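Trainee: Please take me through this model feature by feature, with the general idea before each case.

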Amino acid sequence: MERLNQVDQIVEEVVKRIQAQTTSFEVEASGRHIHLSRGAVDALFGEGYQLTKVKDLSQPGQFVCKERITLVGPKGMFKNVVILGPERPESQVEVSLTDSRDLGISVPIRESGHIEGTPGVILVNGERSLKLAKGLIVAKRHIHMTPEDAAKNHVTNGQIVKVKVGGKRPLIFDEVVVRVSPKFATYMHIDYDEANACGLEKGTRGVIIK
């Protein structure tokens with residue numbers, strides 16, 4: 001009887017692990033980066049300039065560009081900041097809270113694309129510069145999720161959840177927004193401040209907790 005109980009416990013543990021694997025998702029760290037509009041590309045690189053794709057990102061259609069620019073704030077600057085393509089209708093600059101202090105700008109935490117009322121920043125490429133009137137944000141931690149994975153996790157677009165993330169310093173992230181679209185691949189994105197907090201390594205996974 002005791003042996004049967006041990007077997008049952010082992011089976012239960014295996015089932016739990018399989019369930020966790022099927023509903024869990026990889027967590028990626030996103031460093032400071034820039035999304036540029038067509039007008040911003042023209043201003044910084046010249047009329048009609050086309051950004052140069054270097055490699056694909058985890059999200060379909062998103063890619064790293066070869067070009068780099070400098071962010072300039074009242075107190076400091078960051079050189080060689082990566083540009084992510086493709087072009088967007090409006091420029092958006094994403095930094096961490098630590099970055100915002102170094103720049104000397106109070107930056108709000110926002111979902112991507114929600115840039116009304118946000119501060120701007122100066123972008124510099126050699127002798128060319130562009131002062132953005134808005135678009136500087138600290139990205140709210142979020143999960144890109146396919147409709148299939150959303151159904152599997154019993155969540156909907158825009159829902160706020162808690163996520164337990166593994167790593168060297170496992171922790172639970174609150175206030176994580178779920179973004180659902182058939183155009184997405186399922187990944188959670190956090191910034192480097194958050195990644196350092198949990199000791200994130202490549203392949204670290206998270207799971208929504210109820």
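Mentor: Begin with P86, which sits in the loop between β5 and β6 (92–94). Helices (H or I, at least four residues) and strands (E, at least two) are DSSP runs, numbered from the N terminus. The model is predicted: local features need pLDDT of at least 70, side-chain atom pairs count only at pLDDT 80 or more, and totals for chains, interfaces and linings use all residues. Residues are numbered from 1 along each chain as its sequence is written, and side-chain values use heavy atoms, without hydrogens and water.

Trainee: Which kind of peptide bond joins G85 and P86, cis or trans?

Mentor: Most residues other than glycine have a negative phi, and most peptide bonds are trans. The bond between G85 and P86 is cis, with omega about 5°.

Trainee: What is the phi of N80, and is N80 buried or exposed?

Mentor: N80, a residue of strand β5, has a positive phi near 55° although it is not glycine. Buried means under 20% relative accessible area, exposed over 50%, and partly exposed in between (1.4 Å probe, protein chains only). N80 is therefore exposed, at 60% relative accessibility.

Trainee: Where is H154 placed, and what is its phi?

Mentor: H154 belongs to the loop between α4 (147–153) and β12 (160–165). Its phi is positive, about 60°, and H154 is not a glycine. H154 has 66% relative accessibility, so it counts as exposed.

Trainee: How should I read D99: is it buried or exposed?

Mentor: D99 is in helix α3 (residues 97–103). Its relative accessibility is 7%, so D99 counts as buried. Leaving out residues up to four places away in sequence, D99 touches R32 and F78; contact means heavy atoms within 4.5 Å.

Trainee: Now the sheet. How many residues of β4 are buried?

Mentor: In a regular strand the side chains alternate between the two faces of the sheet. Strand β4 (residues 63–72) is mostly covered, with seven of its ten residues buried.

Trainee: Which strand does β4 join over six bridges?

Mentor: Two strands pair if DSSP finds at least two bridges between them. β4 runs antiparallel to strand β5 (residues 77–85), and six bridges join them. V64 is opposite L84 in β5, and the two strands make a hairpin with four residues between them.

Trainee: In what sense do β3 and β4 pair?

Mentor: Strand β3 (residues 53–56) pairs with β4 in the antiparallel sense over three bridges. K53 is placed opposite C65 in β4. β3 and β4 also form a hairpin, with six residues between them, and G61 in the turn has a positive phi of about 85°. Strand β8 (residues 122–125) is likewise antiparallel to β4, over three bridges; within β8, I122 is the bridge partner of V72.

Trainee: Finally, which residues line the second largest pocket?

Mentor: Rolling a probe the size of a water molecule over the atoms shows where empty space is left. The lining of the second largest pocket consists of L97, I109, V138, A139, K140, R141, E175, D191, D193 and E194. Elements giving two or more residues to this lining are β10 (136–139) and α5 (192–198). On a 1 Å grid over the protein atoms alone, a pocket is an open set of points where a 1.4 Å probe fits, with protein on both sides within 12 Å along at least five of seven lines; lining residues have an atom within 4 Å of a point.

Trainee: What classes of residue make up the lining of the second largest pocket?

Mentor: Its lining has four nonpolar, no polar and six charged residues. Ala, Val, Leu, Ile, Met, Phe, Trp, Tyr, Cys and Pro count as nonpolar, Asp, Glu, Lys and Arg as charged, and the others, Gly among them, as polar.
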